[in-house]
Amino acid sequence: MPDRVIQQEIYAKFLEDTGVVFRNFMDIMDATPQKPMIGHRYVIGVDLAKVEDFTVLAVYDSGNNHQVYQARFNQIDWGMQKARIAETARHYGDGTSPAQVVIDATGLGDPIVDDLGRMGIPVDPIKFTNDQKRQLIEKLANWIELKRLHMLNIPDTVRELSNFTYDISETTGRIMYNAPVGFNDDIVIAHALAVWRLNAKI
């Protein structure tokens, strides 16, 4: 888990910004949008819209862990969403196959995963459980703290990272990561899914 959570929950140290998951993320928001480059391989994290949420695509160059592209949209039918995901994967392909898509396959994601697979898109489905989500978020938080990745400086991303928090369950004692009521976490989840398949090369 992130160092700040360890300090707060295990060593009982008081931290002024208790509950905040992502710290100093502005330090790694120095990536620039990039078109696909020959010989590079890309990973796309996809969080699918649920009701009034947004579908988000976060594309990373797996060679240097730099984010190169981001898309965020809602109120688009599933057919168009699948087409946009497939188009992005093909655009950031390596010339022989589309980019790998790491997608939240929980619930409504299942048929989307199946359809993308039939479209020839290499899909890596992740089914969310509390433990799986914890691992995804904690890897993202740790990598931000260790500066192992570089993000595009996008206001929506800054807002979600700033607002994302954790709570401790009174019944189980487990750490639970979520956006506060009234806020979105679609961008956070898309990044966490992409980063889950990146390697610590830098």
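1. Which residues point one way from β1, and which point the other way? Y42, I44 and V46 lie on one side, whereas V43, G45 and D47 lie on the opposite side. In a regular strand, side chains alternate between the two faces of the sheet. Please bear in mind throughout that the model is a predicted one.

2. The surroundings of strand β1 deserve attention. The strand covers residues 42-47, and six of its six residues are buried, so the rest of the structure largely encloses it. This holds for the residues pointing either way from β1, as all of them are buried.

3. Strand β1 has two pairing partners to consider. With strand β2 (residues 55-61), β1 pairs in the antiparallel sense, over six bridges. Within β2, V56 is the bridge partner of D47. With strand β4 (residues 100-104), β1 pairs in the parallel sense, over four bridges. Here Q100 of β4 stands opposite V43.

4. How many aromatic pairs does the structure hold? There are three. One of them joins F22 and F164: the ring centres are 5.6 Å apart and the planes meet at 40°, so this pair is tilted. The two residues come from distant parts of the chain, 142 residues apart. F22 belongs to the loop between α1 (3-9) and β1, while F164 belongs to the loop between α5 (155-163) and β6 (165-168). Both F22 and F164 are buried.

5. Another aromatic pair, also tilted, is formed by Y69 and Y92, with 6.0 Å from centre to centre and 35° between the planes. Y69 is part of strand β3 (residues 66-73) and Y92 is part of the loop between α2 (78-91) and β4, so the pair ties together parts of the chain that are 23 residues apart in sequence.

6. Y42, Y69 and Y92 form one aromatic cluster. Y42 is itself one of the buried residues of β1, and points the same way from the strand as I44 and V46.

7. Finally, two contacts between a charge and a ring should be noted. The charged end of R72 sits over the ring of F54, at 3.7 Å from the ring centre. K139 lies over the face of W143, 4.6 Å from the centre of the ring.

Notes: Residues are numbered from 1 along each chain as its sequence is written. This is a predicted model: local features need pLDDT of at least 70, side-chain atom pairs count only at pLDDT 80 or more; totals for chains, interfaces and linings use all residues. Side-chain values use heavy atoms; hydrogens and water are left out. Buried means under 20% relative accessible area, exposed over 50%, partly exposed in between (1.4 Å probe, protein chains only). Two strands pair if DSSP finds at least two bridges between them. Rings of Phe, Tyr and Trp (its six-membered ring) pair if their centres lie within 6.5 Å; planes under 30 degrees apart count as stacked, over 60 as edge-to-face and the rest as tilted. A charge sits over a ring if NZ of Lys or CZ of Arg is within 6 Å of the ring centre and within 35 degrees of the ring normal.
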